[in-house]
Amino acid sequence: MANQQVVVVGGGLAGLAASMKLAEAGIHVALISMVPVKRSHSVCAQGGINSVNDYTRQQGDNEWKHFDDTVYGGDFLQHQPPVKEMCDWAPRVVDLLDRLGVPFNRTAEGFRDQRRFGGTLYKRTAFAGATTGQQMIYALDEQVRRWEAEGLVDKYEYWEFLGPIIDDRGDCRGVVAQDMFSMEIRSFPSDAVVLATGGNGLIFGRSTMSMICTGGAAARAYMAGVDYANGEFVQVHPTAIPGTDKLRLMSESARGEGGRVWVPRRPQDDRDPTSIPPGERYYFLEERYPAYGNLVPRDIATREIFDVCVTQGLSVESGRMCVYLDVSELPADTHKKLDGILEIYEKFQGADPRVVPMKIFPGVHYSMGGLWIDFEKNETTGGLVLGSTRNQHSNVPGLFVIGEADYQFHGGNRLGANSLLSCIFSGLIVAPSIENRLNSLANGAAADQAASMFEGAATIHQEQMDSLIKNQGDENPYTLQLELGDWMTRQCTVVRNNKDLAALLEKIEEFKSRFDRISLSDRSNWTNQNFSFARALGDMILMARVMAEGALKRDECRGAHFKPEFGIPAPDAQDPAELRRQAQAWCQAFKKKNEQWLKTTRARYTPQGPEFSYEEVDTSLIPPRPRTYGLTGAEIIGEVWAEMSRDASNEPPKAVASAAGGSSA
Amino acid sequence: MSKSFKVRILRQADPNSGSHWETFNVDYEDGMNMTTVFQRIAADPVTTEKQPTVPVAFDSCCLEEVCGACTMVINGRVRQACSALVDALLEESPDAIEVRPMTKFPVVRDLVVDRHAMFESLKCVKAWVHVDGYYDLGAGPRLAPQVQEEAYPLSRCMTCGCCVEACPQFSDKTGFIGPAAISQAILFNLHPTGRVERDDRLGVLTGPGGIADCGNSQNCVKVCPKEIPLTDSIAKAGRDTTLYKLRQWFGR
C-alpha cells in the first residue's frame with residue numbers, strides 16, 4: 001500500500017472528515033478544493049447537530065427514535081440501514097467533535113447544552129453559538145492541517161475538479177483537475193476517489209448556498225457514468241433573508257429557541273409590527289400545527305409560508321413576499337445564544353431583530369438528491385457492515401461519494417441539524433471502506449497504469465476548455481444563469497405541476513442551445529473566473545434537466561416534492577361513518593401510491609438526455625406509514641392505517657401507533 | 001430612470017503586470033452589496049469610458065461573512081465585500097466607491113490575493129487539539145460555560161486577513177506572525193487537551209516574528225469583522241510568554 005494515494009475532492013465537513021480518517025490510517029491523501037478548505041460551504045450551517053444524548057435518553061429518547069424521526073421526516077424515501085447506522089453513530093460523532101475542541105455551548109455544570117429542532121419532540125441538537133457549522137469545519141480543518149504538517153495530506157486549494165479518469169474496464173483511476181490561478185490542467189492518478197462536493201443550489205439562481213455550490217463536480221461525474229439519484233428532491237428552507245446576490249439563511253434555531261412566525265391578520269397592515277396587538281396577529285404555524293407549532297419539518301413550514309403569502313395574500317409587504325419571524329419578545333440570554341444569526345440579519349438588513357420582527361421568505365437550501373451510492377446491510381444490527389467496500393461506493397468502481405453530494409441519508413426531506421451529522425458520518429465511514437478496497441485492488445494500482453491514459457484524460461479537458469474560450473455567439477453566461485435560476489425557482493421548487501414542468505423542460509432545451517452560443521468577455525489564460533463560471537453553467541443546465549424531468553415523472557407528493565394535482569384529498573366528513581370510509585379510501589390510495597412511487601429515482605447519463613429507472617427502497621426496519629403532520633383527519637388516518645397494518649401482519653403495529661401519536665391531531 | 005453610481009477598481013491582470021484603475025457605472029438596487037456589484041459588472045464589463053473590459057476577478061464564497069473569502073480594501077478600509085452595503089459606502093464616499101486588493105499579500109489577479117501565508121502561520125502555532133485518534137473514546141473534557149464563552153469568540157476567526165492588513169508591523173519583510181495566529185495560539189492553550197502543546201506555541205511566539213514584534217497600534221481589533229478581542233489575546237500572549245521564559249530560565 002506504500003505508494004497508494006486517495007484523491008478527496010471537496011474540503012467541507014465530509015471531505016475533511018474523510019481526509020483525517022484516511023490520514024490516521026496512514027493513507028496519503030490529495031485534497032482538491034476550489035477554495036481554501038476553511039472557506040467551504042459548511043461554514044454556513046448555523047443551528048447544530050443532532051444526536052441522542054444523556055438528557056433526551058432519560059426522557060425516553062433513543063437512537064431508534066432519532067432514526068424513526070429521520071425516515072418519517074424524509075417520507076420513507078431513504079434506504080434504512082445507512083440511516084440507522086448514522087443515528088447509532090450520532091452520539092459518538094458529537095463526542096469526537098467535542099474532543100477536537102468544537103466550542104459547544106455549555107450548561108452551568110459544564111455539559112453540552114442542547115436545543116430542539118424541527119421534526120422531533122426532543123432536545124437533541126448540540127450547538128456552538130449560532131455558527132455550529134463554522135466551528136465544526138474549523139475543528140476538522142485544524143486536524144487536517146496537522147496531517148498536512150506531518151506529510152500525509154497534500155492540499156490543492158484553488159483547484160477545480162474537471163472529471164474522473166475511467167479506464168477501459170470502467171474503473172476510476174484518478175481525476176483531472178485545474179489550477180484556478182494558472183489554469184494548468186493535470187491528472188491526479190489515484191487508487192480511490194472521493195467526491196465530497198456538496199449541493200447545487202446555484203441552479204436556482206439565488207439560494208442559501210455558497211457561490212461554489214454549482215453542482216459542477218457532481219455533473220461531471222454524472223456525465224462520466226456515475227448515476228444521479230432523487231435529483232427532484234430539493235429542500236427549500238422556510239426562513240431565508242432575501243438579498244440581491246443570495247438568500248441568507250435564518251437558522252431554524254431561531255424557531256428552536258422560541259421564535260414565532262406570523263403575519264398581520266389584515267393584509268399588508270402597514271403599522272409598526274411591534275404595535276400590532278397579539279389578537280391581530282396570525283401565528284399560522286401554531287394554529288395549524290398545535291403539537292409542533294413553529295417547529296414543523298421544513299417542507300411543511302415552507303409550504304405554509306408560501307400558502308399564506310401566495311394563496312391567501314397575507315404577505316407582510318405588497319411588492320415582495322415575506323412573513324415575520326419574531327424573536328423580539330425572547331429574553332436577552334436567548335438573544336445571546338442566537339447572536340451569530342441575529343448579527344447576520346442586522347448586518348445585511350440594517351434592522352435589529354432583537355427589537356423588530358425579521359422579514360423572511362423560503363429559499364432553496366439543500367439537495368437531498370445526489371450521486372448514487374451503494375451500501376451493505378448488516379443483517380444482525382440492521383445497520384451497515386462497516387468497512388464494506390460497497391458503502392458510499394458509486395456505480396463506478398473506485399469512485400466514492402460522501403456528504404451532500406450523495407443521496408443517501410435524507411430521503412424526500414432532510415430534518416434540521418441532520419446534515420452536519422450525515423456529512424461527518426459519511427466522511428468517517430468511507431475511510432475503512434477505502435482502506436479495504438486498497439488492500440484488495442483486483443486490477444493493479446493507478447501508479448502501474450499507462451501514462452498515456454492520464455495524459456489523454458487531461459488533453460480532453462484542455463480541448464474542451466480551448467473550445468469554450470474561443471466560442472463566439474450572442475449569449476452572456478451571467479444573464480443566462482439568472483434566467484435559468486428564475487425558471488427553476490418558479491417551476492421546480494415549492495409547488496410543482498406537470499404543465500409548468502413540461503414548459504420548464506422545453507425552456508431548459510432552449511437554454512442548452514443558447515449555451516452553445518455563449519461568448520466569454522474574458523479569453524485570457526490566467527485566473528479566468530469568467531470561463532470557470534461559464535463551464536459550470538453548462539453543468540447546471542445539464543443537471544436542471546435531470547431535476548425537472550425527475551419531478552415531472554414523479555406523479556405524487558412526497559417530502560419536499562409537492563405536486564397538488566396528485567395529492568390525496570384529506571378525510572373531512574362530519575359524519576363518523578363517512579369519515580372512516582374516507583380515511584379507508586385515503587389509506588388505500590396511500591398504499592397504492594407507495595407501491596408505485598416509494599422508489600429511488602435513478603438517472604443515467606446519455607448524450608440524448610437522462611435515462612430514468614426506479615429502484616426499490618430498503619424499508620426493512622420501519623414499515624412506511626402516512627406522514628400526517630398537521631393533515632386534516634390525521635387521527636382517523638392513523639387509526640385506519642393501524643387496523644390495516646394489523647390485518648396485514650397480525651402483529652401489534654408498533655411503528656404505526658407512533659404515527660398517530662406523532663401527528664398533531 | 002434608474003439611479004446609478006460609480007465604482008473605481010484597482011485592477012491587475014496577473015502578478016507580473018502593473019496595476020491600473022478602471023471606473024464602472026452600476027445601476028443601483030435596493031439593499032445591494034459589493035459582491036452584487038461585481039456580479040453586475042461581470043455581466044456587462046464596460047467602463048465609464050465605454051471601453052469593453054473583462055470581469056473583475058474576486059474571491060467569494062459564502063456571501064454571509066462567515067467564510068472570509070471576499071476580503072478587500074473598500075473605501076480605504078479592509079472588509080468583506082459581501083457585508084459592505086452600497087448605501088453605507090456611498091455615504092462614506094458619494095462620488096465613487098473605491099476598491100483595491102489587500103496590500104499585504106501577493107496579488108494574483110485584480111482583487112484576488114494569495115493568503116497562503118496565513119494558513120502556514122496556523123501550522124507554526126500548532127493551531128489544533130492533538131487528540132489520540134478518531135476512534136470513539138467518549139466525550140471531551142467538561143468545560144465551564146465561562147471557558148466556552150472565552151473560547152468561542154476566538155474560534156470565530158475566519159483567517160480573512162483584515163487584522164494583518166491593518167497591522168503596521170505585518171509585512172513580508174518583518175516576518176511578524178500577526179494577530180490572527182497569536183489569537184489562535186491562545187485559543188488552543190485555553191483548551192484542556194490543547195494545553196498539552198502550550199509550550200510549543202509559546203516557544204514560537206517567543207521567537208523571531210513572535211509577540212515581541214507587535215507594535216501595539218491596536219489597529220487589528222478595530223478592523224476585525226468578527227469583533228474578536230485580538231488585543232486581549234495579544235496581551236495574554238505577552239504574559240504567558242513571559243511566564244514561559246521564566247519557566248525556561250528555571251529549567252522547568
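Student: How much area do chain B and chain A bury between them?

Tutor: This is a predicted model in which local features need pLDDT of at least 70 and side-chain atom pairs pLDDT 80 or more, while totals for chains, interfaces and linings use all residues. Residues are numbered from 1 along each chain as written, chains are lettered from A in the order written, and side-chain values use heavy atoms without hydrogens or water. Buried area is the accessible area (1.4 Å probe) that two parts lose on being put together, summed over both. Of the area buried by chain B and chain A, 53% is on carbon and sulfur atoms, and the total is about 6000 Å².

Student: Which residues of chain B lose the most area to chain A?

Tutor: Three residues together account for 15% of what the chain B side buries. They are B:Cys61, B:Glu64 and B:Tyr134.

Student: How many salt bridges are counted between chain B and chain A?

Tutor: A salt bridge is a side-chain nitrogen of Lys or Arg within 4 Å of a carboxyl oxygen of Asp or Glu. B:Glu65 and A:Lys347 form one, with their closest N and O atoms 2.7 Å apart. The count between the two chains is 7.
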